[in-house]
Amino acid sequence: MTTSTPKRPPARPWRLSLSDPRVAGLFWQILVVAIAVAIVAFLWSNAIHNLSVRRISTGFAFLGREAGMPIADSWIDYTPKDTYLRAFIVGVVNTLRVAVIGIVLATVIGTLVGIARLSSNWLLARLAAVYVEVLRDLPLLLQLLFWYVLMQGLPAARQAFKPVEGVYLSNRGLILPSVPLHEANWWTILALVAGLIVFTFLRRRLIAQQMLDGRARPAWPYALGLVVALPVLVSFLSGASWSITLPELRGFNFVGGLTLAPEYFALLIALVTYTSAFIAEIVRSGIQAVPRGQSEAAKALGLKRGFVLQHIVLPQALRVIIPPMTSQYLNLTKNSSLAVAVGYQDIVSIANTTLNQTGQAIESIALIMMVFLTISLGISLFMNWYNARIALVER
Amino acid sequence: MSSVAHVPQDPLPIGPRPAPRALGGHLTAWLRANLFASIPSSIMTLLLLFVLGKACIAFWQWGIANAVWIVSGNDTAACRALRGVGACWAVVPEKYRFILFGTYPFDEQWRPALAVLIFIALFVVSSRRSFWRKELFLLWAAALIVIGCLMWGGFLGLSFVTQDRWGGLPVTLILATFGLAFGFPLGILVALGRRSKLPAIRSLCVLYVELIRGVPLISLLFMASVMFPLFMPDGVNIDKLLRAQIAFILYAGAYLAEVVRGGLQAVSRGQYEAADALGLSYWEKHALIVLPQAIRHVIPPLVNTFIAFFKDTSLVLIIGIFDLLTTAKTAIVDPAWQSFSVEVYLFVGVIYFVFCFAMSRYSRSLEAQRTQG
């Protein structure tokens, strides 16, 4: 018996007509690409011409020039004598500062509100629903301006609200007590982080060993040693001091402590409340997507309530929650650019000032886009990695 | 052979259990079940009632009991005396014409008002399922042309009003509606392009969508207001509102393309193959078979995108176009009324809320219909 290999049908000869799908495909592609190239070339030649008429030189050489713009609220050293490049870096740090803290706070508040919406307590569920509905249906910019106006309407520093000792709320913003960080403190923090990393790996090994022979191996002695004892020892040896500095009112302003400027504080509140309303809906639908039978079956097995939530419900809910959560994080980061409306100097605001000072419109806007595309890509990559980690492993 | 051994006898029927005894009346039973089911729940209820009560009393005192409702002219001394204690609602009757219609000539403001009514009628008609027919496209075209004629004027004795005098609610509605009306077809084309087998077209569409979605809307608006004039040939000068409108159309196109793409993915393969077997061309296949099903799948997320888009039009404040939020912010520049921004923002907030809430309710009812059907 001879096995007959199936023969591929002979390739049809090309016909030079639009009724041949291959020719049609090629034709349309060439047409569309040609149109796109023509439009870009047209705009580009106009831009070159206009720039030469207005005597604006293209290129990023202006980044090395002295910026001369004051930046009030910065975490890294900056004076108006520094270059535009440094001003841009300050802007990126300011954007990240509001985005990262905003994402963390919005996740916490959004999760709490989302769980509250499912509460059996009628009043709590209703209030959470009202919170979500009101915040979702108002433009973020309106909310931001509203918070900023409220912030400006607060009493002056002398009559500041003082809810707790050391915390002041006035038209200078929110002032919190702080712990000054010296070199010794950083060593201790480093030891803590290192201890946590080592402990995570150790715990994973202990669980892997338990998988082999079924004997439970307690992890807490390692936790005590690595996460508690090690940092304490390092702190003691390096002589770190952990004294808390309380802010003090001197004259018309506060000295010491950590100051959140009103612009930053208003932006943070607006972003966090607005995004948390969306996150609450995502969390609610994620929890509701887990069939009730799952938790009932787990309870029937005699598992404890916390265990059921942690090992049965949450892992399944997270699979539904993570992808839309990623786009909320991206939205929050992009929305942080509204800072320009209240005068918080993020990357967009600084690029806008640069644009007005130098006329380098194309370069400034290209920088904004580059920064945001990079941040977006970073968040997407991280969340995709996390999503792949928690995805259902099918055997 | 013995008969089937041991057939269990019919057990005696047991009557239904009596209903559990409700403690107290209907209301008490409800309260016990929903507010005081357990000790932690009761503590939570009491805590929430306390906070809610305090908030309500504070708002009542500020917003109603101590509020100033009307003042004569620009004499805001009464309002300023009560600053922080009572609201000054007098700012609303004084400024509402400016907030709603901006600097449109005062005597002609019935025209933007009529345009707003036409917009609302258009939305209501479009939301009814019985109107989802081809004629709806004609209706939209007609309505948008009528609105354009009303706003510009220049015929039938209507005076001509240039775009830079338009403002307030009509501008917000124009930006949102025209953005959607042109962005939606663009989005469909891009979604089809992204699923096309032709690599050059597909990569162009991917580039467009990802580039627009990766950057904030503000940077697109900056581009429209600062960079766009640089890209135009000499002598061509496009109006600021139109430039912002173009930016919005491009922005809406990218986001709607992703929603439509989701719908296209939900249409089963058999539908495509059946259309091919019938010998339909690419455009016939998509217009008659695929797109009607795909769009039906994604109507709720489409409405959610519309809501987000409607709210996003407020960002034109940053490039200085007079939409509803910008007129509100400008209304309180007037020194006499400077310190009453909270009241004005609340007023504008109610307008935005009514539009968005109606849309979100509508989206939810559509979703409920779909899960039932």
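Start with α7(B) and α13(B), which cross in a right-handed sense in this predicted model. To bring them up, select residues 169-194 of chain B for α7 and residues 299-312 of chain B for α13. Their axes come within 9 Å and cross at roughly 140°. Angles over 145 would count as roughly antiparallel, so this pair is classed as oblique instead.

Now show side chains where the two helices meet. On α7(B), pick B:Ala176, B:Gly179 and B:Leu180; facing them from α13(B) are B:Phe306, B:Phe309 and B:Phe310.

Next, hop over to chain A for another helix pair. Select α5(A), residues 183-213, and α6(A), residues 220-238. Here the axes come within 8 Å and cross at roughly 165°, so the two helices run roughly antiparallel. The crossing is right-handed. Residues to click on include A:Trp187, A:Leu192 and A:Phe199 on the α5(A) side, with A:Tyr222, A:Leu226 and A:Pro231 among those on α6(A). By class, this contact has 15 nonpolar and 4 polar residues, and no charged ones.

While α5(A) is still selected, find A:Arg203 in that helix. Is A:Arg203 buried, exposed or partly exposed? It counts as partly exposed, because it has 14 C-beta neighbours inside 10 Å. For a sense of distance, draw a line from the C-alpha of A:Arg203 to that of A:Ile35: the two are 59 Å apart in space and 168 residues apart in sequence.

Time for the largest nonpolar core, which has 146 residues.

Beyond its neighbours within four places in sequence, B:Leu221 is in contact with B:Ala244, B:Ala247, B:Leu315, B:Val316, B:Ile318 and B:Ile319.

Last stop: the contact between the chains, with 42 residues from chain A and 41 from chain B. On chain B, select α2 (39-65), α8 (199-214), α9 (217-231), α14 (324-331) and α15 (341-372), each of which supplies at least two residues to the side touching chain A. Which helix gives the most to that side? That would be α15(B), with 10 residues. Coloured by class, the chain B side divides into 30 nonpolar, 9 polar and 2 charged residues.

Definitions and conventions. Residues are numbered from 1 along each chain as its sequence is written. Chains are lettered from A and ligands numbered from 1 in the order in which they are written. This is a predicted model: local features need pLDDT of at least 70, side-chain atom pairs count only at pLDDT 80 or more; totals for chains, interfaces and linings use all residues. Helices (H or I, at least four residues) and strands (E, at least two) are DSSP runs, numbered from the N terminus. A residue is buried if 20 or more other C-beta atoms lie within 10 Å of its own, exposed if 12 or fewer, and partly exposed in between; C-beta atoms are placed from the backbone. Two residues are in contact if their C-beta atoms, placed from the backbone, lie within 7 Å. Ala, Val, Leu, Ile, Met, Phe, Trp, Tyr, Cys and Pro count as nonpolar, Asp, Glu, Lys and Arg as charged, and the others, Gly among them, as polar. A nonpolar core is a set of buried Ala, Val, Leu, Ile, Met, Phe, Trp, Tyr and Cys residues joined through C-beta atoms within 7 Å. Axes are lines fitted to C-alpha atoms, for helices over the stretch in contact, and angles run from 0 to 180 degrees between N-to-C directions. Angles under 35 degrees count as roughly parallel, over 145 as roughly antiparallel, 65 to 115 as roughly perpendicular and the rest as oblique. A crossing is left-handed if the near helix is turned anticlockwise from the far one by less than a right angle, and right-handed if clockwise.
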